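Here are my notes after going through the model. Have a look at it first, then read the points below with the viewer open.

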Amino acid sequence: PSLCSLHKVLLWAHHRNIINGSTAKDQFHKLIQECGELSDNLCKGRDTRDDIGDILVVLLIIAEQEGYTLQECLEVAYNDIKDREGEMRDGVFIKEE
């Protein structure tokens, strides 16, 4: 999402007291719910854009509650995987030792 969309989501969440009125643990439960909806729609071959967007919204809220940005979290994750070698086999990524 664009920076503008990220800002809009955070404003929305702050105005509805989601950031301060819930915990990251509460939001994690919401994330699992949204992942279930994504799974259901993937299995049924339905449009998943809303599900993916909802997951991003919840992740953005959790990051804000934890004092991080999504960019920071992505950079940390990328630095962890950037030199990882391996390949997909039967739908599973097998890391090279």
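1. Arg-84 comes out as partly exposed, at a relative accessible area of 34%. For the cut-offs, buried is under 20% relative accessible area, exposed is over 50%, and partly exposed is in between, with a 1.4 Å probe and protein chains only. The side chain of Arg-84 meets that of Asp-80 in a salt bridge, 3.3 Å from N to O. Asp-80 is exposed, with 55% relative accessible area.

2. Before going on, keep in mind that this is a predicted model: local features need pLDDT of at least 70, side-chain atom pairs count only at pLDDT 80 or more, and totals for chains, interfaces and linings use all residues. Residues are numbered from 1 along each chain as its sequence is written, and side-chain values use heavy atoms, with hydrogens and water left out.

3. How many salt bridges does the rule give? The count comes to five, where a salt bridge is a side-chain nitrogen of Lys or Arg within 4 Å of a carboxyl oxygen of Asp or Glu. Among them is the pair Arg-49 and Asp-47, with the closest N and O atoms 2.5 Å apart. Arg-49 is exposed, at a relative accessible area of 65%, while Asp-47 is partly exposed at 47%. Another is Lys-44 with Asp-40, where the closest N and O atoms sit 3.1 Å apart; Asp-40 is partly exposed, with 32% relative accessible area.

4. On disulfides, the structure holds zero, taking a disulfide as a pair of cysteine sulfur atoms within 2.5 Å. Cys-35 is partly exposed at 34% relative accessibility. Cys-4 also counts as partly exposed, at 47%.

5. Is Gln-27 buried or exposed? Gln-27 is buried, with a relative accessible area of 10%. Gln-27 lies in helix 3, residues 24-43 (helices are DSSP runs of H or I, at least four residues, numbered from the N terminus). Leaving out residues up to four places away in sequence, Gln-27 touches Ile-18, Ser-22, Val-58, Ile-61, Ile-62 and Gln-65, with contact meaning heavy atoms within 4.5 Å.

6. Lys-25 is also placed in helix 3, but Lys-25 is exposed, with a relative accessible area of 62%. Lys-25 and Glu-72 are 47 residues apart in sequence and 20 Å apart in space, C-alpha to C-alpha.

7. Now the largest pocket, which has a volume of about 210 Å³. On a 1 Å grid over the protein atoms alone, a pocket is an open set of points where a 1.4 Å probe fits, with protein on both sides within 12 Å along at least five of seven lines; lining residues have an atom within 4 Å of a point. The volume is the space filled by probe spheres set on the points, which are joined across faces, edges and corners.

8. Which residues lie nearest the centre of the largest pocket? Of the 11 lining residues, they are Leu-6, Leu-60, Thr-69, Leu-70 and Gln-71. Helix 1 (3-15), helix 4 (49-66) and helix 5 (70-81) are the elements giving two or more residues to the lining, and helix 1 gives the most, with four. The lining divides into seven nonpolar, three polar and one charged (Ala, Val, Leu, Ile, Met, Phe, Trp, Tyr, Cys and Pro count as nonpolar, Asp, Glu, Lys and Arg as charged, the others, Gly among them, as polar).
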